[in-house]
Amino acid sequence: MSHDHPNHEHNQEGQVQLVTFKVGDIVLGIDIEHVQEINRLLDVTRVPGASRMIHGVVNLRGEVVTVLDPHTIFDVRSSGTSDSRRNLVLRAGGERIGVMVDQVADILTIQRSELSPRPSNVRSVDRRFIDSVYLSDAGVIIILCADSLINAIDQSPELALAGA
Amino acid sequence: MDDSELLAEFVEEARDHLSNVEMQLLEIEVHGANINDDLVNTVFRAIHSVKGAAGFLGLTQINNVAHRLENILGRVRDHQLIPDPYNVDVMLKAADRLSKLIEDIDHSNETDNAALCEKLDELLDADARPATAPSKPSTRVSSPSTAETVDSRDAATGARDMLKAADVGVLAAQDSVPISPDAPVKTQKPVVSTPPNATAETKSHHTSSPEASIRVGVRVLDRLMNLAGELVLSRNQLLRVLSQPTPDRGNLDSIAGGLDQVTTELQETIMQTRMQPIGNVFNKFPRVVRDLASSLGKQIDLQLEGVEVETDKTIVEAIADPLTHLVRNSCDHGIEVPAVREAAGKPAAGTVLLRAFHQAGKVMIEIRDDGAGMDADVLRNKAVEKGVLTAEAASQMSDRDVVNLIFAPGFSTAKEVTAVSGRGVGMDVVRTNIEQIGGSVEVESELGRGSVIRITLPLTLAIVPSMIVSIEDRRYALPQTNILELVQTDGKAKRIDRVGNAEVLHLRGSLIPLVRLRDILGLESAVDPEAAGDESSGNQLVVVESGRLRFALVVDRVLDSEEIVVKPLGRHLANLPLLAGSTILGDGRVAMILDASGIASGVQLANDPESMRTEEAGDPDDAPLSDINRLVLMSVSSSDHFALPMDIVSRIERVPATNIDVLGDQKFLKYRGGTLPLIAIEDVVRVSEVEQPEHVHVVVYKVYGHEAGLIAPYLNDIRDCQLNMTSDRGRGPGVAAITVIDGKSTRLLDLYGLTEIARPDWFESKADLAYDHEPQLLVCEDSAFFRNFLIRILEEEGYRVTSCEDGEEGWIALTQSPGKFDLLVTDVEMPELDGIELTRRIRKHEQLRDLPVIALTSLADDESTKRGIEAGVDDYQIKMNKPDLLASIHSNLQKVLTQ
């Protein structure tokens with residue numbers, strides 16, 4: 001599958017492969033470099049006290065992996081059906097993290113030059129997560145930056161502790 | 001074999017050689033002129049090997065340094081150079097440098113080691129001796145089996161950094177180090193060579209150190225091979241049986257049994273490979289202590305014991321940092337300079353003993369020093385200064401507890417700490433780090449004699465025996481080390497007392513706070529928890545202990561006891577206080593592991609020695625006089641017990657229940673020709689049931705000019721009891737506190753509060769306080785219980801309160817700021833200076849003369865009242881009579897303040 005080739009081949013000029021998917025009615029994409037796998041591990045165990053942005057955790061072949069809820073992050077409602085839902089496992093900076101998306105769409109191979117810089121007026125998605133934007137025939141696809149997504153999850157846990 | 005493989009092998013071997021060099025050089029230093037040829041030879045050969053290989057591989061810098069070091073060692077071996085602190089220091093530096101170069105092997109040739117080489121050359125020339133040698137540190141490394149164990153126990157790692165990364169690799173061993181016959185962990189002959197993954201890593205672009213590795217004994221490997229074989233056999237059997245059309249259940253059972261056994265053994269054996277001697281961490285300390293002693297101008301003798309004690313690799317790694325801090329602390333703050341020591345009659349050289357041993361399934365580490373010890377009083381003051389404790393709590397705390405405050409957050413003076421004692425890491429961080437790996441730490445100290453720090457560590461981190469509990473269908477694991485016992489409350493929940501908001505479990509004479517797991521986790525109750533008798537909800541109690549805190553956790557069901565493998569939670573979830581990690585259960589689902597101390601702190605079970613240690617109201621002779629009170633003990637049913645201070649009782653009558661009339665929601669008693677208003681406890685305080693015997697007792701009392709009676713269905717006793725137990729958690733309307741008397745939990749009634757609620761119309765509405773400033777009251781009361789009670793009701797009333805424990809303190813407070821206080825409320829019977837005498841003094845004092853004084857007493861007898869009035873007391877009040885006291889304060893203040 002994909003390898004870690006930090007400074008070779010894909011980046012500067014040339015092609016990039018994007019995995020596109022839907023969260024609510026937003027169409028998003030991410031560099032395939034950062035995608036470790038797409039699976040149907042939807043049976044998430046909730047984690048008491050965790051940030052709302054975190055769905056919970058799953059057992060990924062013996063490793064306990066955190067799964068994000070992009071609907072909370074991007075503040076949209078869920079769409080799609082339980083059949084279409086997928087767990088997108090991202091890999092960035094040595095970490096693995098899952099993202100529960102409503103539907104996975106196509107894998108697009110495009111030229112880097114086709115990507116537009118992130119516009120200042122994209123309201124639906126927080127600016128820090130946006131790497132760039134791609135204008136496809138079907139509409140705008142917002143390309144996410146995996147690193148900032150992973151880092152942006154607020155790490156202070158909600159303390160839902162009752163004083164008994 | 002390509003270059004990178006060669007390099008990797010060189011690095012492994014060089015590390016090996018160098019891992020012991022430091023210890024050996026220190027020994028050489030200690031021997032001084034008494035040169036141990038074999039020892040020197042050992043070091044010589046090690047450096048020689050490194051030099052040779054480095055030269056062969058074109059690692060010129062390493063070669064340069066090693067070459068010079070080898071020459072120096074040669075001269076020592078020839079007795080031409082006598083080891084002394086200075087030249088050993090240089091040798092140590094050279095060894096350090098070599099280690100450093102080896103860690104960054106790819107760039108080693110680019111480094112500049114000219115300065116070091118110059119120093120080494122100077123030594124070789126022997127004429128160039130520096131004019132001043134650094135102060136001679138005397139560090140002796142004495143440990144009974146060091147020499148043997150260090151040699152025979154080489155894990156491939158000496159320095160902590162190398163202990164990272166978790167692979168078990170097996171090396172081709174080239175032993176240039178003497179092998180002692182009884183060491184199980186060593187390899188004699190070349191075994192399987194490094195598997196490819198090691199090299200794949202070293203092929204990285206940056207200077208990433210090659211993967212760490214561990215040495216595994218051949219015997220252990222053989223065992224693993226055997227077990228693997230048995231596993232295969234079991235599997236084959238299983239497949240065979242399952243392929244039959246109707247598998248024989250009996251067969252399956254026996255196969256399952258065999259499988260179970262093999263798996264357990266396999267697990268244990270693999271865990272063994274991860275066990276490392278604690279010496280790996282210990283043996284970097286001689287150097288640390290030596291350097292430290294030298295820079296501090298102290299003489300410190302470090303002794304190591306138990307270096308062979310083994311524990312899991314992860315623990316060995318995790319303990320290194322905290323241990324370093326603690327050892328440095330002992331040297332820095334513990335051991336005194338020689339002059340001070342000698343003046344105190346101690347030997348000039350201080351001793352630090354670092355000792356590891358097994359005890360009760362745990363690994364214990366002790367750091368013992370014979371230094372200055374800790375001054376509990378100084379620490380007490382510091383704690384109060386830093387706001388960690390109130391002055392009162394501090395004065396009541398035992399010395400032993402005070403000394404352990406050094407681990408309290410907010411207490412640490414680490415910010416001021418010198419560079420010597422560690423990188424600004426405080427003692428609270430040390431404790432946190434130790435607790436994170438499932439350990440605990442405490443300190444014991446004797447001023448002038450020294451201190452002992454004791455660390456308790458689990459044998460292994462990764463696999464934890466646990467109980468699996470559930471709330472509805474969600475499962476959680478609770479590590480067995482925290483579990484004291486399981487308690488089942490039969491459906492009627494008789495052993496649980498509910499008092500207002502708080503719930504407590506009554507267990508063999510003590511009260512344990514109850515914590516509902518459901519609430520802690522924020523799960524909605526599907527079932528009304530009050531519905532006692534519902535089996536599926538909240539009837540299982542797990543009594544949990546974490547450090548010194550104890551509580552009972554309520555869960556739906558207790559499932560199994562299982563040994564679980566701890567899986568760390570990802571970065572975003574790692575810091576949740578309630579969780580200690582996660583695990584994967586048999587069915588593949590993830591379950592959270594609960595963290596007992598996290599739960600405890602979440603429910604604010606403060607680690608406050610005062611709070612939850614509710615003790616039996618025991619032998620009155622034990623209690624300080626002030627806290628013994630005569631109590632009336634009564635019950636409403638066989639499970640609801642109450643107490644009242646006798647002194648507020650006028651009399652007690654026994655009447656037939658039929659004499660009680662009920663008018664609307666109020667009760668009355670036909671009494672002495674009139675009617676007595678009655679109050680039933682259950683009207684105000686929650687009870688589990690009310691019994692209606694034929695005859696009841698009525699406790700008659702006076703309040704606010706009204707006479708009233710409290711209905712006590714059963715009167716148990718009237719006697720002296722201790723009142724120094726206050727558990728605030730029991731407080732509520734009408735209840736002042738909760739305690740245990742005769743093995744039963746008993747609520748102490750606040751009779752006046754109770755009356756206020758039952759008959760609010762009796763109580764005058766408070767006149768508007770027409771003061772120009774908030775009145776400041778001084779309270780003198782030696783009983784902690786009453787003092788707190790008074791402070792509470794007065795502050796609730798809106799007054800500002802300063803409190804003192806006795807008359808003497810009160811006098812000081814008054815005279816220091818004469819205009820500050822508007823009124824004095826004082827107990828009469830107090831130790832140092834009693835209330836009467838205090839009042840006398842006040843009346844004689846120029847500025848305090850007109851201070852209103854209200855005296856409190858439990859003895860409503862005329863004699864003392866007379867004395868008091870003579871002394872100048874303005875009013876006498878009974879301690880627990882809240883409304884009357886408040887009224888008196890109010891009117892006395894009015895007199896003074898609204899003039």
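Author: Before we start, a salt bridge here is a side-chain nitrogen of Lys or Arg within 4 Å of a carboxyl oxygen of Asp or Glu. And keep in mind that this is a predicted model.

Reader: OK, how many salt bridges are there between chain A and chain B, and which side chains meet?

Author: The contact takes 28 residues from chain A and 28 residues from chain B. For that contact the count is one salt bridge. Its N to O distance is 2.7 Å, and the side chains that meet are those of B:Arg589 and A:Asp43.

Reader: Which element gives the largest share of the side of chain A that touches chain B?

Author: Staying with that salt bridge between B:Arg589 and A:Asp43, let's look at the chain A side around it. Strand S4 (54-60), strand S5 (63-68), strand S7 (95-101) and helix H2 (146-152) of chain A each give two or more residues to the side that touches chain B. The largest share is four residues, and it comes from S4(A).

Reader: What parts of chain B does the salt bridge between B:Arg747 and B:Asp640 tie together, and how many residues apart are they?

Author: The closest N and O atoms of B:Arg747 and B:Asp640 are 3.0 Å apart. B:Arg747 sits in strand S30 (residues 744-749) and B:Asp640 in the loop between strand S20 (628-635) and strand S21 (641-645) of chain B, so the pair ties together parts that are 107 residues apart in sequence.

Reader: And B:Asp96 with B:Arg287: is each one buried or partly exposed?

Author: These two form a salt bridge, with the closest N and O atoms 2.8 Å apart. The pair links helix H4 (residues 85-103) with helix H11 (residues 285-296) of chain B, 191 residues apart. At 9% relative accessible area, B:Arg287 is buried, whereas B:Asp96, at 35%, is partly exposed.

Key: Residues are numbered from 1 along each chain as its sequence is written. Chains are lettered from A and ligands numbered from 1 in the order in which they are written. This is a predicted model: local features need pLDDT of at least 70, side-chain atom pairs count only at pLDDT 80 or more; totals for chains, interfaces and linings use all residues. Side-chain values use heavy atoms; hydrogens and water are left out. Contact means heavy atoms within 4.5 Å. Buried means under 20% relative accessible area, exposed over 50%, partly exposed in between (1.4 Å probe, protein chains only).
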